[in-house]
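Here is a model to look through together, one label at a time. Each question asks what lies behind a word, and each reply goes back to the values.

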Amino acid sequence: MAELRRRIEAGELRPGDRVPSARAITREWGVAIATATKAHAALRDEGLTLARPGVGTVVAGPAPRRDTDLSPERIVAAAIRIADEHGMGELSMRRVAADLGVATMSLYRHVPGREDLELAMIDAALGELRVPPRYSGAWRADLERCGRALWDIFQRHPWLGVSMSLTRPQMTPNAMRLGEWLMGSLGGTRLTVTDRMLVEVLLFSFVRGVASALEPEAVAMRDTGLTDDEWMDAQSAAFGRLVEEHRMPQFEELFLRTPDFAFDLNVLFEFGLARILDGIEVWIG
């Protein structure tokens, strides 16, 4: 397969030219027919060839040149761009390669696979979070500052919340750095290191939990063309029927007689962050 790819990239095989058949490959290189068939499939997967009825396998078009400047950092940056704009569901090694203008297989020399790519994306995104070089001496202010910075990162990268695991946390350098800073902010309290770890997990899981709704909301907005407010307005008739059939005085008061109520993720974040910090303060005190 490497030799066929070289011929395509070198222009020895031009767009529309027939590629040696599987049987021709076995004769020329002395490989098994199954190996030759896999080579054909790999070239099609890279977008270098296509099957043309009545003709056979031909070169699909100008082949992507090998990019000597390709690096893990460039690959991760391209993957993040795609995930930011289209969501993780649209991310694939082939799409990253197309974004960079290289052959798909060339990515694997720098990133072993999709799982490794996602791990590197998480680390790069969390690396954008800038924690202060020193603690303020007030643990609540430090936790609040870091919680808000983390929320900003999740909003910038809506895919991040749904990509991170709580029960099987991704051990990336920047995730560990964040956890270390959060636990260190509680160093002046009477909390044990176990308690400090639990507070760190509590705060992170809260922010991540709210952020896990960011990507589905973005996808829903793209699919329906409706903003959150427009979607809520569209549900008013269904809501009216529901409260007629079932007495719900709390929801009636909330949605029908409370004009300033906003069912918004930022509102949920602000409320939840303050209440969590209030609870920790009472507990420490």
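A residue counts as buried under 20% relative accessible area, as exposed over 50%, and as partly exposed in between. The model is a predicted one, and the values below are computed from it.

Q: Why is Tyr135 called partly exposed?
A: Its relative accessible area is 38%. That value lies between the cut-offs of 20% and 50%, so Tyr135 is partly exposed.

Q: What makes Trp181 count as buried?
A: Trp181 has 8% relative accessibility. The limit is 20%, and 8% is under it, so Trp181 is buried.

Q: How many aromatic pairs does a search of the whole structure find?
A: The search gives four. One of them joins Tyr135 and Trp181, with 4.9 Å centre to centre and 45° between the planes.

Q: Why is the pair of Tyr135 and Trp181 called tilted?
A: Stacked needs planes under 30 degrees apart and edge-to-face needs over 60; the planes here are at 45°, so the pair is tilted.

Q: Which parts of the chain does the pair of Tyr135 and Trp181 link?
A: Tyr135 sits in the loop between helix H7 (114-126) and H8, while Trp181 belongs to helix H10 (residues 173-184). The two are 46 residues apart, and the parts they link are distant in the chain.

Q: What makes the pair of Trp151 and Phe269 stacked?
A: The planes have 5° between them, which is under the 30 degrees for stacking, and the centres are 4.8 Å apart, within the 6.5 Å for a pair; therefore Trp151 and Phe269 are a stacked pair. Trp151 lies in helix H8 and Phe269 in helix H16, 118 residues apart.

Q: How do you know whether Trp151 and Phe269 are buried or exposed?
A: Trp151 has 3% relative accessibility and Phe269 has 0%. Both values are under 20%, so both residues count as buried. Trp151 and Phe269 also form one aromatic cluster with Phe206.

Q: Why is H8 called roughly antiparallel to H16?
A: The axes of H8 (residues 139-156) and H16 (residues 265-284) cross at roughly 155° and come within 11 Å. An angle over 145 counts as roughly antiparallel, so that is the label for H8 and H16. The crossing is right-handed.

Q: Which kinds of residue make up the contact of H8 with H16?
A: They divide into ten nonpolar, three polar and six charged. Among them are Trp151 of H8 and Phe269 of H16.

Definitions and conventions
Residues are numbered from 1 along each chain as its sequence is written. This is a predicted model: local features need pLDDT of at least 70, side-chain atom pairs count only at pLDDT 80 or more; totals for chains, interfaces and linings use all residues. Side-chain values use heavy atoms; hydrogens and water are left out. Axes are lines fitted to C-alpha atoms, for helices over the stretch in contact, and angles run from 0 to 180 degrees between N-to-C directions. Helices (H or I, at least four residues) and strands (E, at least two) are DSSP runs, numbered from the N terminus. Angles under 35 degrees count as roughly parallel, over 145 as roughly antiparallel, 65 to 115 as roughly perpendicular and the rest as oblique. A crossing is left-handed if the near helix is turned anticlockwise from the far one by less than a right angle, and right-handed if clockwise. Contact means heavy atoms within 4.5 Å. Ala, Val, Leu, Ile, Met, Phe, Trp, Tyr, Cys and Pro count as nonpolar, Asp, Glu, Lys and Arg as charged, and the others, Gly among them, as polar. Rings of Phe, Tyr and Trp (its six-membered ring) pair if their centres lie within 6.5 Å; planes under 30 degrees apart count as stacked, over 60 as edge-to-face and the rest as tilted. Buried means under 20% relative accessible area, exposed over 50%, partly exposed in between (1.4 Å probe, protein chains only).
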